[in-house]
Amino acid sequence: MQTPLEITYQHVSRSAWIDEYVRSRVAKLENFSKDIVSCRVTIEQTQNPHKTGNPYRAQVEVTLPAKGELVAEKSDKVTDPQVQLRPIIRSAFEAMEKQLKKQTAKRDGKVKQHNDEPLPPVATVVRMFEKDGYGFLKSISGQEYYFHRNAVLHGDFDRLTVGTRVRFEPNEGDEGLQASSIQIIDKPGVGGAADGEDDLDMPAGWEQEPRH
């Protein structure tokens, strides 16, 4: 890699065995792609005061020269971190390996790139809890998704406001629908993409949501 590996712990005590295991998994990632620019790994226990038994989460972010940033994560409830954290970390890295395999295959011409490949879904930020580091999105279909600040790409959590439109990856968590890999499309009052592909209506009722 061009830059050193970053391992961040949030609400989890730093552990030598986690560091060693993460480094071994990152070394394996480099076998799938030799042009990884950087890798950031976050191990955390999510803090949501409205939920009980906050799950542990492992997130792997990889930057590639052409593709940009890839994100994979796994979360689950844990009763014994020393035993149960390893499968969570492993699952996050396995998901990243699949993404890298796909990108490598496309680069090598083994998979045909389709212009009509579906883009990630669009949603609107409807509630923000800045101090607690989380919020909620509402999709075009009206479904709500919880998201944590670490799920927002490029460290853009502080740029989000109610009404901001984003693209995201939907996930089904133990506590309900969750969003990851969130990327800002535009903010309230700002036009969308030049080609109009993101010119979509706001989900019905978003403007009635209270601002926090």
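**Exercises on a predicted model**

The model is predicted, and in it 4 strands form an open sheet with the order 1-2-3-4 and mixed pairing.

**Exercise 1.** Find which strands stand at the edges of this sheet, and state why one side of each is left without a neighbour.

*Solution.* Start from the order, 1-2-3-4. The edge positions belong to strand 1 (6-10) and strand 4 (68-76). Each has a single partner strand, so one of its sides has no neighbour in the sheet. As for orientation, neighbouring strands here are turned against each other by 10 degrees on average, direction ignored.

**Exercise 2.** Describe how strand 3 and strand 4 pair, and name the bridge partner of T63.

*Solution.* Strand 3 covers residues 56-64, and its pairing with strand 4 is antiparallel, over 9 bridges. For T63, the bridge partner in strand 4 is E69. Next, look at what packs on the sheet: helix 1 (residues 16-32) touches strand 1, strand 2 (38-45) and strand 3. The direction of helix 1 makes about 140 degrees with that of strand 1.

**Exercise 3.** Work out which elements supply the largest nonpolar core, and follow the contacts of V62.

*Solution.* This core has 28 residues, and I43, V60 and V62 have the most contacts inside it. At least two residues each come from strand 1, helix 1, strand 2, strand 3, strand 4 and helix 2 (81-107). Helix 2 gives the largest share, 7 residues. Now take V62: leaving aside neighbours within four places in sequence, its contacts include L29, I36, L70, M96 and L100. A second, separate core has 15 residues, among them V125, L137, F147 and F157.

Notes:
Residues are numbered from 1 along each chain as its sequence is written. This is a predicted model: local features need pLDDT of at least 70, side-chain atom pairs count only at pLDDT 80 or more; totals for chains, interfaces and linings use all residues. Side-chain values use heavy atoms; hydrogens and water are left out. Two strands pair if DSSP finds at least two bridges between them. Axes are lines fitted to C-alpha atoms, for helices over the stretch in contact, and angles run from 0 to 180 degrees between N-to-C directions. Contact means heavy atoms within 4.5 Å. A nonpolar core is a set of buried Ala, Val, Leu, Ile, Met, Phe, Trp, Tyr and Cys residues joined through side-chain atoms within 4.5 Å. Buried means under 20% relative accessible area, exposed over 50%, partly exposed in between (1.4 Å probe, protein chains only).
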